[in-house]
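Subject: Structure handover

Hi,

Here is the structure I said I would pass on.

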Amino acid sequence: MSDKLVLSDEEWKKRLTPQEYQVLRQHGTERPGSGCFLGTKEPGTYVCAGCGNPLFKSGEKFESGTGWPSFTQPLKPDAVTEYRDVSYGMVRTEVRCGRCDGHLGHVFPDGPPPTGLRYCMNSVAMKHAPEGQSLPLVTK
């Protein structure tokens, strides 16, 4: 894992699109079925749109039917962090980028084998690095 990336709110606003900022920094969500990574199958790695931290391999992606791209497990255990989320009268597990703390989505215990987990992510919170390529990590 690379060093943690900590930026001011103003720095994040300059680096991210308004939609990326709303999801990654304000814990928002994109509308179901609207994400650009629904149905994609291109080999590669999904990285954080905020900092470039590698998050998920394309081989872990599956179609959950929920309207958001879903994965069975992160690339590495420290690629993401998990937090208890009790917003909107629900109890869920929020998933954030392990490097910049950007909100990615939620994880649920109803996924397929072998993990039984469904990492339900926002497309706007990620970028796709095709196999053999990598996207640079954002630095200060």
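Helices (H or I, at least four residues) and strands (E, at least two) are DSSP runs, numbered from the N terminus. This is a predicted model, in which local features need pLDDT of at least 70 and side-chain atom pairs count only at pLDDT 80 or more, while totals for chains, interfaces and linings use all residues. Residues are numbered from 1 along each chain as its sequence is written, and side-chain values use heavy atoms, with hydrogens and water left out.

Strand 6 and strand 7 pair antiparallel over four bridges, and Glu94 sits opposite His106 in strand 7. The hairpin they make has five residues between the strands, and Asp101 there takes a positive phi near 70 degrees. On to the next pairing: strand 7 and strand 8 also run antiparallel, joined by four bridges, with Tyr119 in strand 8 as the bridge partner of Val107. Strand 7 is largely enclosed by the rest of the structure, because five of its six residues are buried (under 20% relative accessible area; exposed is over 50% and partly exposed in between, with a 1.4 Å probe and protein chains only).

Gly102 belongs to the loop between strand 6 and strand 7 and is buried, at a relative accessible area of 0%. Its contacts (heavy atoms within 4.5 Å) include Leu24 and Arg25, leaving aside residues up to four places away in sequence. Gly102 and Ala49 are 53 residues apart along the chain, yet 8.9 Å separates their C-alpha atoms.

Five bridges connect strand 1 and strand 9, and Thr45 stands opposite Ala129 in strand 9.

The core

What makes up the largest nonpolar core? A nonpolar core here is a set of buried Ala, Val, Leu, Ile, Met, Phe, Trp, Tyr and Cys residues joined through side-chain atoms within 4.5 Å. The largest one has 27 residues, and those touching the most other members are Leu55, Phe56, Val80, Leu104, Tyr119, Met121 and Met126. Helix 2 (18–24) and strands 1, 2, 6, 7 and 8 each supply at least two residues of this core, with helix 2 giving the most, at three. Leu55 touches Pro74, Leu104 and Met126, among others, not counting residues up to four places away in sequence.

Asp85

Asp85 lies in strand 5 (residues 80–85) and counts as buried, at 13% relative accessibility. Leaving out residues up to four places away in sequence, Asp85 touches Met90, Val91, Arg92, Glu94 and His106.

Cysteines

How many disulfides are there? Zero, taking a disulfide as a pair of cysteine sulfur atoms within 2.5 Å. For Cys36, the nearest cysteine sulfur is that of Cys48, 14 Å away. For Cys100, the nearest is again the sulfur of Cys48, at 3.7 Å. Cys36 is exposed, at 55% relative accessible area, whereas Cys100 is buried, at 3%.

Cheers

Notes. Pairing = 2+ DSSP bridges.
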